[in-house]
Amino acid sequence: MDRQAWGAADVTTKARIRTAALHLFAEHGCAATSLRAVARTAGVAPGLVVHHFGGKDGLRQAVDDEVIDILRRTLESIPPSGPAAAVGRARDTAVAQMYAANPVIADYVRRLVVTPGPEEEEFSAKLLQLMVEQTEVLHERGVARRHTSVTEHAVTVLMRQLGDHLLQPTLERLWRLAGEDTQAPTVRVRLIPGGD
């Protein structure tokens, strides 16, 4: 199975439901998506959604957990050894490639990270915890710089990896509003820790 592709080899009913939910949650948000819509998109009876996930909250958590797991596997596909800059670039590239291969995941993460609310905060906390865990491994292996805290490093890396995906749709919308008919420029986020 391609470890970066969402549901690439998993064709079980449970996986079809989870995949349908991901697409609908990414497009409309969890609150605006009914279990019936998920069932219809997955091609199953609504009772199967409840049977497999217990309800919308269980389904949302399953989607969250799968997205976090894909991000974890993507980051862990790059060994935590070698020069810090090289490991960082390789991990950033792996995450960018995963988002390119799975634009619905980028849309889902964007919706949850940008929109404040209890469900979104829960996902953001899971995402941040993943990044803290990954950063701790890099610190333990001597790959990450120790002059910044684990939290600052984790948040900086997370925003660097997400920033382009969070801002690109806004830039493209503004580009269209400006009347440009050429392709919009590409966003490149640059963070300066502790700087202005």
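View 1. Leaving aside residues up to four places away in sequence, A42 is in contact with R16, I17 and A20. The model shown here and in the views that follow is a predicted one. A42 belongs to helix α2, and with a relative accessible area of 9% it is buried, because anything under 20% is counted in that class. One of its contacts, R16, lies 26 residues away along the chain, yet the C-alpha atoms of A42 and R16 are separated by 5.6 Å. Just beyond the end of α2, G43 adopts a positive phi of about 75°.

View 2. The chain has 196 residues, of which 41% count as buried. Among the contacts in the chain with a separation of 6 or more, 62% are accounted for by residues 24 or more positions apart.

**View 3. The largest nonpolar core.** This core is made up of 42 residues, and those with the most contacts inside it are L59, V67, Y99, I105 and Y108. At least two residues of the core come from each of α1 (13–28), α2 (35–42), α3 (46–53), α4, α5 (84–101), α6, α7 (118–140) and α8 (150–177). The helix that gives the most is α4, with eight residues. Several of the residues named here return in the helix contacts shown below, V67 in the contact of α4 with α6 and Y99 in the contact of α5 with α6.

**View 4. The packing of α4 against α6.** Two packed helices are described by the angle between their axes and the distance between the axes. For helix α4 (residues 56–76) and helix α6 (residues 103–114), the angle is about 115° and the axes are 11 Å apart, which means that α4 is roughly perpendicular to α6. The crossing in which α4 passes α6 is left-handed. On the α4 side the contact is formed by R60, V63, D64, V67 and I70, and on the α6 side by I105, Y108, V109 and L112. Sorted by class, the contact of α4 with α6 holds seven nonpolar residues, no polar ones and two charged ones.

**View 5. The packing of α4 against α7.** Here the angle is about 20° and the axes are 10 Å apart, which makes α4 roughly parallel to α7. The crossing of these two helices is right-handed. From α4, the residues R60, Q61, D64, D65, V67, I68, L71, R72, L75 and E76 meet E119, E122, F123, K126, L127, L130, M131, E133 and Q134 of α7. By class, the residues of the contact of α4 with α7 comprise eight nonpolar, two polar and nine charged.

**View 6. The packing of α5 against α6.** The axes of α5 and α6 are 4 Å apart and the angle between the helices is about 105°, so α5 and α6 are roughly perpendicular to each other. M98, Y99, A100 and A101 of α5 make this contact together with P103, I105, A106 and V109 of α6. The contact of α5 with α6 contains eight nonpolar residues, with no polar and no charged residues.

View 7. T135 has its place in helix α7 and is buried, with a relative accessible area of 3%. When residues up to four places away in sequence are not counted, T135 touches V150, H153 and A154. D164 is found in helix α8, and D164 is also buried, with a relative accessible area of 17%. T186 is 22 residues away from D164 along the chain, and the C-alpha atoms of D164 and T186 are separated by 7.9 Å.

Terms used. Residues are numbered from 1 along each chain as its sequence is written. This is a predicted model: local features need pLDDT of at least 70, side-chain atom pairs count only at pLDDT 80 or more; totals for chains, interfaces and linings use all residues. Side-chain values use heavy atoms; hydrogens and water are left out. Axes are lines fitted to C-alpha atoms, for helices over the stretch in contact, and angles run from 0 to 180 degrees between N-to-C directions. Angles under 35 degrees count as roughly parallel, over 145 as roughly antiparallel, 65 to 115 as roughly perpendicular and the rest as oblique. A crossing is left-handed if the near helix is turned anticlockwise from the far one by less than a right angle, and right-handed if clockwise. Contact means heavy atoms within 4.5 Å. Ala, Val, Leu, Ile, Met, Phe, Trp, Tyr, Cys and Pro count as nonpolar, Asp, Glu, Lys and Arg as charged, and the others, Gly among them, as polar. A nonpolar core is a set of buried Ala, Val, Leu, Ile, Met, Phe, Trp, Tyr and Cys residues joined through side-chain atoms within 4.5 Å. Buried means under 20% relative accessible area, exposed over 50%, partly exposed in between (1.4 Å probe, protein chains only).
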